[in-house]
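Reader: I have a protein model to look at and a few questions. Can we go through it step by step?
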Amino acid sequence: MKLTKHIFLIGFMGVGKTSTSRELSKKLQVAETDTDAMIVEREQRSIAKIFEESGEAYFRSVETGMLDELAQESPCIVSCGGGMAMRDENVRKMKESGTVIFLTATPETIYEHVKDSTDRPLLNGNMNVPYIQKLMEQREPKYSAAADIFIATDGNTPDEVADKIIQALEVEG
Ligand code: S3P
């Protein structure tokens, strides 16, 4: 499949955007990138450190800047940080340069994926299903409004999720 625009993977922390993006990249033979990794590389410090030293607002502005940079690049697969779709400005930028794919999962699945993680500042001290559910419900309208394609991932491996995405893209044409 020849990509004519970017593929943006959005969705809650721990839904599997990064691992799905890697599988998709292999299957489509298209490069992939990850906005969190781009930011860490640029800032030479971890996401946790950026939040701690410079605050979330600073992180969000760097995140938006990554979309401007990506708009200049040839089409690739972009795994987005979980908060990317929360800013309308970011959604506009993603829609201008790509197809937005929203990966969904239940709070229980998310919890299983993130429970041992220490590098997600928003979940530090909040590592439980009720909190994840609450934040997910708050964010859901923004994710849904941003999405061109919805992919349910519960019970699927990243490899299977990548296949579902390819099928959905083929249907979209
Ligand atoms: C965030 C998600 C994280 C990272 C940062 C904030 C969020 O990315 O960008 O910790 O607001 O949901 P992942 O979705 O890759 O964990």
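Author: Start with a definition. Rings of Phe, Tyr and Trp (its six-membered ring) pair if their centres lie within 6.5 Å. Keep in mind that this is a predicted model.

Reader: How many aromatic pairs does the count come to by this rule?
Author: The rule looks at the ring centres. Applied here, the count comes to 3 aromatic pairs.

Reader: Are the rings of Phe-102 and Tyr-143 stacked or edge-to-face?
Author: Planes under 30 degrees apart count as stacked, over 60 as edge-to-face. The centres of the Phe-102 and Tyr-143 rings are 5.1 Å apart. Their planes meet at 25°, so the pair is stacked.

Reader: Which parts does the pair tie together?
Author: The two residues are 41 apart in sequence. Phe-102 lies in residues 98–104 and Tyr-143 in residues 129–146, so the pair ties together strand S4 and helix H7.

Reader: Is Phe-102 buried or exposed? What about Tyr-143?
Author: Buried means under 20% relative accessible area. Phe-102 has 4%. Tyr-143 has 1%. By that cut-off, Phe-102 counts as buried, and Tyr-143 also counts as buried.

Reader: Which residues do ring pairs link into a cluster?
Author: Phe-102 and Tyr-143 form a stacked pair. Both belong to a cluster linked by ring pairs. Its members are Phe-102, Tyr-143 and Phe-150.

Reader: What radius of gyration does the protein chain have, and what would a compact globule have?
Author: The chain has 173 residues. A compact globule with that number would have a radius of gyration near 16 Å. The value for the protein chain agrees with this: 15 Å.

Methods: Residues are numbered from 1 along each chain as its sequence is written. This is a predicted model: local features need pLDDT of at least 70, side-chain atom pairs count only at pLDDT 80 or more; totals for chains, interfaces and linings use all residues. Side-chain values use heavy atoms; hydrogens and water are left out. The radius of gyration is taken over C-alpha atoms; the globule rule is 2.2 Å times the number of residues to the power 0.38. Helices (H or I, at least four residues) and strands (E, at least two) are DSSP runs, numbered from the N terminus. Buried means under 20% relative accessible area, exposed over 50%, partly exposed in between (1.4 Å probe, protein chains only).
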